[in-house]
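Please look over the sequence and the model shown below before reading on.

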Amino acid sequence: MASTSQLNLYIQLILIVGLTVGLLLSKRKKLVQHGWLMLILTLLNLASIIVVMAPVAYQLLTRLTLSSFSLITILHASLGLIVLYLSIRLLTIWRFQKPGSTCYRMKDQMLKLYLFWVAEVILGIALYYQLYI
Ligand code: HEM
């Protein structure tokens with residue numbers, strides 16, 4: 001699992017950079033590009049959960065090692081589920097339309113999602129070091 005997990009680590013770093021570029025795009029009012037970039041990041045996140053994180057989580061839970069229940073694992077997994085739910089919800093509301101008042105009203109929620117997502121990725125990197133380094 002270490003090599004796919006290493007690939008996943010790089011994906012997590014791309015997500016952090018991508019999220020920050022997305023934030024800058026929203027500040028420059030390039031909202032369509034912002035929406036599309038967030039869609040790509042959400043799909044990348046979903047793929048990394050299905051291909052790497054869910055199988056590793058399954059292994060950890062069946063092996064029941066101490067790291068299965070470490071604070072980092074629990075926080076990372078909980079934030080991950082919240083991020084997945086919120087990002088899919090936002091994209092479903094957007095549905096590729098011209099960003100309007102509904103999107104603007106969700107601005108505060110997006111900022112929270114951004115912060116949760118960055119925290120989740122940082123914890124994911126810490127978990128990688130706990131498991132493999
Ligand atoms: C799904 C992941 C998304 C994340 C993580 C995200 C993140 C953010 C962040 C961090 C901000 C800045 C908030 C602030 O300045 O307080 C923002 C603003 C905004 N985003 Fe998103 N966003 C997402 C999806 C979308 C989508 C799909 C749209 C639709 C095009 C959208 C439209 C907007 C708009 C209209 C603003 C306000 C821009 C302004 O202040 O003028 N966002 N977003």
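## Terms and numbering

Helices (H or I, at least four residues) and strands (E, at least two) are DSSP runs, numbered from the N terminus. Residues are numbered from 1 along each chain as its sequence is written. The model is predicted, so local features need pLDDT of at least 70 and side-chain atom pairs count only at pLDDT 80 or more, while totals for chains, interfaces and linings use all residues.

## Overall fold

The protein chain contains 5 helices and 0 strands, and its elements follow the pattern α-α-α-α-α along the sequence. Taken along the principal axes, the C-alpha atoms fill a box of roughly 50 × 20 × 20 Å.

A residue is called buried if 20 or more other C-beta atoms lie within 10 Å of its own, exposed if 12 or fewer do, and partly exposed in between, with C-beta atoms placed from the backbone; buried residues make up 20% of the 133 residues in the protein chain. Two residues are in contact if their C-beta atoms, placed from the backbone, lie within 7 Å, and of the contacts between residues at least 6 apart in sequence, 74% join residues at least 24 apart.

## Around the ligand

A residue is near a molecule if its C-beta atom, placed from the backbone, lies within 6 Å of it, and 22 residues surround the ligand, the closest being S26, G35, M38, M110 and Y114. At least two residues of this shell come from each of α1 (2-27), α2 (31-63), α3 (71-94), α4 (101-105) and α5 (107-132), and α5 supplies the largest share, 6 residues.

The shell divides into 14 nonpolar, 6 polar and 2 charged residues, where Ala, Val, Leu, Ile, Met, Phe, Trp, Tyr, Cys and Pro count as nonpolar, Asp, Glu, Lys and Arg as charged, and the others, Gly among them, as polar.

## Helix packing

Axes are lines fitted to C-alpha atoms, for helices over the stretch in contact, and angles run from 0 to 180 degrees between N-to-C directions. The axes of α2 and α3 come within 10 Å and cross at roughly 145°. Residues making this contact include G35, M38 and L39 of α2 and A77, G80 and L84 of α3, and the contact as a whole divides into 10 nonpolar, 5 polar and no charged residues.

α3 and α5 pack at an angle of about 145°, with their axes 8 Å apart. Among the residues that meet here are I72, L79 and L86 in α3 and M110, F116 and E120 in α5, and the contact of α3 with α5 divides into 15 nonpolar, 7 polar and 1 charged.

## Single residues

L71 belongs to helix α3 and counts as exposed because it has 8 C-beta neighbours inside 10 Å. L71 and L127 are 56 residues apart in sequence, and their C-alpha atoms are 9.8 Å apart in space.

K29 lies in the loop between α1 and α2 and has a positive phi of about 65° although it is not a glycine; K29 is exposed, with 10 other C-beta atoms within 10 Å. F96, in the loop between α3 and α4, has a phi near 65°, a positive value in a residue other than glycine, and F96 is exposed, with 9 other C-beta atoms within 10 Å.
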